[in-house]
Amino acid sequence: MATDTETDVFEEHRPVLLGVAYRMLGRVADAEDVVQEAWLRWSAADRSEVREPRGYLVRVTTRLAIDRLRQVKARGETYVGPWLPEPYVTDFGDAVPDTAEQAVLADSVSLAVLVVLEALSPLERAVFVLREAFGYPYAEIAGMLDRGEPAVRQLAGRARKHVEERRPRYEVDPVQRRDLTERFLAAAAGGDLAGLMALLAPDVRLVGDSGGKSKAPLRVLESADHVSRFLVGVAEKGVPDITWRFLELNGGPALLVLSAGKPDSVFQLDILDGRIQAIYIIRNPDKLHSLSHL
């Protein structure tokens with residue numbers, strides 16, 4: 001039975017553990033399951049052998065997340081249409097006072113980066129998350145993963161190279177992203193084709209994730225013409241009893257669309273040079289459950 005003090009220690013580190021697990025898995029429910037399993041390990045641990053609680057808990061969480069990733073890959077799960085991570089509410093606030101650190105955390109949890117991380121092996125992903133997002137030294141990561149430090153450095157270099165080669169360039173200025181998101185909403189909701197064309201980069205991409213459980217493109221749409229015409233078509237069909245609200249998801253402003261008060265979809269934009277480079281639409285109802293209470 002865990003004492004109140006042990007519970008307090010775990011709860012102090014829970015946000016970090018959830019952050020590690022989510023970046024590893026891209027799924028909120030899976031991340032919460034991993035953190036719950038870490039709690040069970042923590043409550044049963046011999047406290048006399050735990051010198052540094054945070055390090056111990058991050059190590060346990062990382063290993064559990066690696067195991068979960070390996071299970072998913074071993075099952076060879078197929079997904080209908082493009083895959084996007086489950087939306088993750090982020091509000092670093094006073095917990096991360098340093099703006100540079102906030103920018104690193106926001107980037108490491110962005111939809112664009114998490115999609116790229118899907119192609120990494122579980123070990124590469126763990127090393128990348130621990131090093132790039134949370135700044136752990138190579139020696140400490142090596143201890144967490146029971147690997148030699150040279151091997152960890154090699155994994156980190158391979159993962160970083162993969163991410164840098166495939167990571168889309170975009171701007172993280174939240175004010176600009178919010179402004180363009182509002183203008184995008186006005187043009188899309190109004191079926192304003194010319195207005196949309198003015199906001200979209202010529203080679204804009206629209207990625208829709210429905211998992212085959214709701215209506216969304218089953219392939220990535222490319223070009224301002226194709227994307228804008230698709231959005232105008234969606235506006236013409238309409239959504240019953242529609243409302244929307246802005247919130248911070250995956251480190252940036254996002255638009256949550258509700259139908260009859262229930263989450264219908266999430267829109268998030270990547271911006272570069274004042275134009276929309278990518279539009280992400282998440283409509284898989286399984287990925288919107290966690291937003292129902294907001």
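Residues are called buried when their relative accessible area is under 20% and exposed when it is over 50%, with partly exposed in between (1.4 Å probe, protein chains only). The structure is a predicted model, in which local features need pLDDT of at least 70 and side-chain atom pairs count only at pLDDT 80 or more, whereas totals for chains, interfaces and linings use all residues. Residues are numbered from 1 along each chain as its sequence is written, and side-chain values use heavy atoms, with hydrogens and water left out. Helices (H or I, at least four residues) and strands (E, at least two) are DSSP runs, numbered from the N terminus.

**Helix H8**

- Helix H8, residues 149-166, has 18 residues and reaches 26 Å from its first C-alpha to its last, close to the 26 Å expected at 1.5 Å a residue, the expected span being 1.5 Å times one less than the number of residues.
- Val152, Leu155, Ala156, Ala159, His162 and Val163 are the buried residues of H8.
- Seen down the axis of H8, these buried residues fall within an arc of 135° and so line one face of the helix, where the arc is that of the directions from the helix axis to the C-beta atoms.
- The face turned away from the buried side of H8 carries Pro150, Gln154 and Lys161, which are exposed.
- Helix H5 (111-117), helix H6 (122-133) and helix H7 (138-145) are what the buried residues of H8 pack against, with contact meaning heavy atoms within 4.5 Å.

**The sheet**

- Six strands form an open sheet of mixed pairing, in the order S2-S1-S6-S5-S4-S3, two strands being paired if DSSP finds at least two bridges between them.
- Strand S2 (221-222) and strand S3 (242-249) are the edge strands, each pairing on one side only.
- Strand S5 (residues 262-272) and strand S6 (residues 275-282) run antiparallel and are joined by seven bridges, with isoleucine 271 partnered by isoleucine 276 of S6 and aspartate 270 by alanine 278 of S6.
- S5 and S6 form a hairpin with two residues between them, and aspartate 273 in the turn has a positive phi of about 55°.
- S1 and S6 run parallel and are joined by six bridges; glycine 208 stands opposite isoleucine 281 in S6.
- Six of the eight residues of S6 are buried, so S6 is largely enclosed by the rest of the structure.

**Helices across the sheet**

- Helix H9 (residues 174-189) lies across S3, strand S4 (252-259), S5 and S6, running at about 120° to S5; axes are lines fitted to C-alpha atoms, for helices over the stretch in contact, and angles run from 0 to 180 degrees between N-to-C directions.
- Helix H11 (residues 224-237) lies across strand S1 (200-209), S2, S5 and S6, at about 50° to S1.
- In H11, the buried residues are Ala224, Val227, Ser228, Leu231 and Val232, and they cover an arc of only 130° around the axis, which puts them on the same side of H11.
- His226, Glu236 and Lys237 are exposed on the other side of H11.
- Just after H11, glycine 238 takes a positive phi of about 75°.

**Nonpolar cores**

- The largest nonpolar core has 65 residues, and those with the most contacts inside it are Phe10, Met24, Leu117 and Val266; such a core is a set of buried Ala, Val, Leu, Ile, Met, Phe, Trp, Tyr and Cys residues joined through side-chain atoms within 4.5 Å.
- A second, separate core of 23 residues includes Ala187, Leu206, Ile276 and Ile279.
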